[in-house]
Every structure is written in structure tokens, then in C-alpha cells.
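Reader: Please take me through this model, and say for each term what makes it apply.

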Amino acid sequence: MALLEVRDLGKTFGALRALGGVDVTVRARSFHGLIGPNGSGKSTLLKAIAGAHFASEGAIAFDGADITTATPAERAKRGLSLKFQITAILPELSVYDNVLLAVQADQPLWTLLRSKSRAALHDEVLELLERFLLADLATDLAGELSHGQQQWLEIAMAMAVKPKLLLLDEPTGGMSPEERRVTGELLMPIKESCALVIVEHDLDFIKDICDHLTVLDQGQVLDDGTVAEIERSSRVQEVYTTRV
Ligand SMILES: Nc1ncnc2c1ncn2[C@@H]1O[C@H](COP(=O)(O)OP(=O)(O)OP(=O)(O)O)[C@@H](O)[C@H]1O
């Protein structure tokens, strides 16, 4: 079943047509990669899905609802969660408090005042810290974590709201090969409850973790299919050998 349907999406910035006629379908609990040369429109598409900017044309449906003109907060309430290239952690707070803030963001105020609820929140924070290899660093300042650990903290925070779809923009940028490998391992289990749309330049990483790929070129869909189909695509090979 389709969780996200992007139909005939277009986005212009002044005279520049960054996206045009883009169709993308993401199934529930699938990992969907957006790849393509620099400037092909990957981040623009991710931002349009998140509501960070509005599409100029076309429609976006998420979980059965039309979200084309919904605000980022309304999309988040429906189960969309995102982590962008730019960091969103609070460096002066502990790792624990960063995750606690993210977990609390999903709770009504009255829930936070009950001690039973606070104990449950504590358990949720610990569970996320364990899952993303941060439990031993809980009391460290977030700003003192390594680059890779900061990325994992942000993914943990994005997962704190129990999304149906997680959007990641180049999560492995600046990571060591070992940190990339671990990031892949940390992401795989989220498939049990959540789909992923990921923009990534590391093609080996994206092929390892994704079920489905959409290849963009000059703001349009060049090809779309399983990883094996895209690997065999002569159109994609041509673009990657001549322009990347
Ligand atoms: N806010 C903006 N204002 C004007 N032009 C923009 C804006 N955002 C993106 N663009 C332009 O839209 C086009 C697509 O950019 P986008 O960042 O989506 O590509 P990308 O595939 O993510 O590139 P990269 O792989 O280099 O990150 C580019 O020509 C870019 O310069």
C-alpha cells in the first residue's frame, strides 16, 4: 500500500525550474532512495515532502490525506519526521536532554505533569539512547559528541515522535566508512514500523539499505525501480558516467 504519493510535482525558484512532473510512490515500511547528480532536485523534493517549502504544481498525499498545502507541523502530526543536513541538536544540553525534548514534543502538556508519564518518558528516552548507541554518552553534552554520534542523536530525535515516514537528507555526509556501516545497521530495524526516504551521495550505502530508488536528473525522474532494476538501467548508467 502506498504511504506517500507525489504526483506531477513541480517547483520553481524564480526563473529556475528545479522540479517538474515528478511522480514518486513510497510504500509503507519500505526504504526509498533519491539519487541523481548534483543539482538534480533531490533536496528540493525532500523539502517539498516535508513542507519546508511548498510545491509550485502537483499534489502530495500521505497516509490517505492530501498534504499538498499542509504546514510542516501538520505533516509532522500525521507521522512525517525529518532530519536535514544541517544539525538540529542543542549542543549545550546533554545527549539525554536532547532526546527527552524530542520525546516530549509528541506529548500533550498535561501528560508531562504526571509522574507516571514522566517515568514512561524516561524509559522511552533510554530505549532510544540504547538503540542509537548513545546510552553510555547520556550525560555528555551533545556538542561534544563526534560528528557520527551527532548524526545518530539526530536520527534518534527524529524517531522519538514514532513517525510513519522518516526523511533523511545525506545522513552519512562527513562520516568515516565505519560510521557509515554502523549507520546502515542502526537504520535497518526502523523498517518494522517506519518507511524511509533518503537522499544520499554514497551509492554503495544507499544500494545496501534501500528497496527502491528514484533517480532524478535536471528536476525530472530519469528512472524508478528496485535497486537491481536501477543498476541495470542504461539511462542511469549514461547519466552517471557522463555527468557525475
Ligand atoms: N532556495 C532556493 N532558491 C533558489 N534555487 C534553489 C533553491 N534551492 C535549490 N535551488 C536550485 O534548485 C536546483 C536543485 O537543487 P537541489 O538542492 O534540490 O539539488 P540536489 O539534487 O539536492 O543537489 P546536491 O546533490 O548538490 O545536494 C539547483 O539548481 C539549486 O541551485
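Author: In β9, His-212 is the bridge partner of His-32. This is a predicted model, in which local features need pLDDT of at least 70, side-chain atom pairs count only at pLDDT 80 or more, and totals for chains, interfaces and linings use all residues. Residues are numbered from 1 along each chain as its sequence is written.

Reader: How do you know that β3 and β9 pair?

Author: Two strands pair if DSSP finds at least two bridges between them. Strand β3 (residues 31-35) and β9 have four bridges, in the parallel sense, so they pair by that rule. Strands are DSSP runs of E, at least two residues, and helices are runs of H or I, at least four residues, numbered from the N terminus.

Reader: What makes β9 "mostly covered"?

Author: Five of the six residues of β9 (residues 212-217) are buried. A residue is buried if 20 or more other C-beta atoms lie within 10 Å of its own, exposed if 12 or fewer, and partly exposed in between, with C-beta atoms placed from the backbone.

Reader: Which strand forms a hairpin with β9?

Author: β10 does, with two residues between the strands; Gln-218 in the turn has a positive phi of about 50°. β9 and β10 (residues 220-226) pair in the antiparallel sense over six bridges, and Leu-216 has Val-221 in β10 as its bridge partner.

Reader: Why are β2 and β5 called edge strands?

Author: The open sheet has four strands in the order β2-β1-β4-β5, with antiparallel pairing. β2 and β5 (65-66) each pair on one side only. Inside the sheet, β1 (residues 2-13) and β4 (residues 57-62) are joined by five antiparallel bridges, and Val-6 stands opposite Ile-60 in β4.

Reader: Which residues surround the ligand, and what classes do they fall into?

Author: Among them are Phe-13, Leu-16, Asn-38, Lys-42 and Thr-44. β2 (16-27) and α1 (42-50) are the elements that give two or more residues to this shell. The shell has three nonpolar, seven polar and one charged residues. Ala, Val, Leu, Ile, Met, Phe, Trp, Tyr, Cys and Pro count as nonpolar, Asp, Glu, Lys and Arg as charged, and the others, Gly among them, as polar.

Note on methods: A residue is near a molecule or strand if its C-beta atom, placed from the backbone, lies within 6 Å of it.
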